[in-house]
Amino acid sequence: MHDIEHTNFQLKSIPVLHFNIQSILDSHGFGNKNDYQNIYINLYNSLKEAIIDNTLQEGLKLPPTRVLANDIKISRSTVIKAYELLVLDNYVKCINGSGYYVSSSKNTKIHFNLKSVNSFKHYPTISKKGNAFQKNIHLINNIQSSSEIAFKPGLPPLDIFPTNIWRNLSNSYWGGIKSSELSYSKSIGLQCLRENISNYLKIYRNITCNASQIIITTGSLHSLYLIGNALIDKGDKVLTENMTYPHAYRLFKSLQAKVSQIDLNNTELAFGNFKNNLAKFIYTIPSNQNFLGNKLSMPKRLELLQWASINGALIIEDDYEQEFSNWNKPIAAIYSLDRQDRVIYLGTFNKLLHPSIRLGYMIVPNYLQNTILNIIEQSSRFVSPELQKVMSMFIEKDYLNKHIRNIVAIAQERKELFMEHFISNFGDEIVLDSSSTGLNILGKFKNSNVSDQDVSAYLKQKGIITNPLSKYYISKPLENGLVMGYSCVNNKLIKQSISKMKNEYSNFLKLN
Ligand SMILES: Cc1ncc(COP(=O)(O)O)c(C=O)c1O
């Protein structure tokens, strides 16, 4: 056997291929009378062809020589000869004690076929909508996807998520599972979860709604995608705040809406210029307007409802992170003030528990519910019932309540530590905005010539993550600064990272 170097070679956990090897060999010329004298050459050629046309893909394990010999009724030594020839020609790698694997196509003697290159132009064109999604991905701030955690904005304290409790609930789900529960499920979501969410909303948001009004989704962005598809035709007008959720803005643009911005705090909504706006809806984040915990005032909330009523429009209320920003001085959700069924309420567990969970919900006006359910039915169908059931138990057994109290307390403790160390390191060079109440905190530069985007890019190279405030704005930025998340960073790392950030910021100033 030849030994191989194991570098860059990915073994796939695909089972040995002997169940259909006979038909693969047949369709690649095995058994041709002409080659029959040199049967190992015939076997070599058919396997080679199957590798070249990707029927046998990189990393796949070939059947053991004894099994293949038995299956195709030839001697084992013939199979070994064919395999060894493939190894010599780099089509196959042999791993001692494990077997023969299809090799990386980069190492093989495959010559790229010009005919197939020419045929690329014959692929179907990508739709206008597909292209719009492609183009708009670069619009305004992209959430940083680095592995560093300090000081990535918008993350809850991930390190205290109760994984043991979640595992036990998950075990109990599988322990009591009935085979009928493994079948298709309703698009609207499990009744038990919707009931528990409706209780949760009553307690935490003073929202009265029936379980039948709640639709389960994989999160707020999924909810927005469904709403957008239900409401937006090309050219339809929609409104967002100037500083908004980048994903929502990009989504509305990709669905070919005309997106305009509005300053909800200053505009005379119902009776000013805004009055005759023919927008289908306004998307707002009233509990956390600028990602720093600013809240839309009660009079403005009422004015917004009036505007929607006068203009026959809807309000999409994204109440994300309200558990953090609304903790001390809760303000009524717009949904709870609505008497005309004009508010779509979005909630998510992706911020409260962890973004990888992918679970959220929405309450939609009655007239829209069937359309949304039909879109789900014809796309994602339903959210995993296992996830829904475990979440439902998590709420019902009071773990969610305890977890919220825990994360709010930890986030507060970390915020105090963050502020203390930041102020002692930075003095008045970068001043923290003490009014920030959400999961992020804003730092403003003393020197107004400093560009937040340049500082953020420089710090990122040095392993410190921040978001430049100016990139949250859709139209001209009104302010400049660094948005930082502290709540997912433990105490030790907070101290270390602030010292490092201070050094790197000084280096940045020297260089610029
Ligand atoms: C304004 C806003 N809403 C909602 C979300 C959460 O979306 P999802 O539930 O899809 O993770 C985010 C995440 O960053 C957000 O910034």
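Predicted model: local features only at pLDDT ≥ 70, side-chain atom pairs only at ≥ 80, totals over all residues.
Two strands count as paired if DSSP finds at least two bridges between them.

Strand E4, residues 237-241, pairs with E5 in the parallel sense, and five bridges join the two. Within this part of the sheet, Glu241 stands opposite Ile262 in E5. Zooming out, seven strands make up an open sheet with mixed pairing, and their order is E3-E9-E8-E7-E6-E4-E5. Strand E3 (214-217) and strand E5 (258-262) stand at the edges; each has a single partner strand, so one side of each is left without a neighbour in the sheet. On average, and with direction ignored, neighbouring strands of this sheet are turned by 20 degrees against each other.

**Two helix pairs**

Next come the helices. Two packed helices are described by the angle between their axes and the distance between the axes. Here are two such pairs:

| Helix pair | Axes come within | Crossing angle |
|---|---|---|
| H6 (residues 128-136) and H10 (residues 246-254) | 8 Å | roughly 150 degrees |
| H3 (residues 65-72) and H4 (residues 76-88) | 8 Å | roughly 120 degrees |

What does the angle say about H6 and H10? Angles over 145 degrees count as roughly antiparallel, and the crossing of roughly 150 degrees therefore makes H6 roughly antiparallel to H10. This crossing is right-handed. On the H6 side the contact is made by Lys129, Ala132, Phe133 and Asn136, and on the H10 side by Arg250, Lys253 and Ser254. By class, the residues of this contact divide into two nonpolar, two polar and three charged.

H3 and H4, with their crossing of roughly 120 degrees, are therefore oblique to each other. H3 also passes H4 in a right-handed crossing. From H3, the residues Thr65, Arg66, Leu68 and Ala69 meet Arg76, Val79, Ile80 and Tyr83 in H4. The contact of H3 with H4 has five nonpolar, one polar and two charged residues.

**Around the ligand**

Finally, a stop at the ligand. Which of the 13 residues around the ligand come nearest? They are Gly219, Leu221, Tyr245, Thr348 and Asn350. Taken by class, the shell around the ligand has five nonpolar, six polar and two charged residues.

Methods. Residues numbered from 1 in each chain as written. Near = placed C-beta within 6 Å. Nonpolar A, V, L, I, M, F, W, Y, C, P; charged D, E, K, R; others polar. Helix = DSSP H or I, 4+ residues; strand = E, 2+ residues; numbered from the N terminus. Axes fitted to C-alpha atoms, helices over the stretch in contact; angles between N-to-C directions. Parallel < 35°, antiparallel > 145°, perpendicular 65-115°, else oblique. Left-handed = near helix turned anticlockwise from the far one by under 90°. Contact = placed C-beta atoms within 7 Å.
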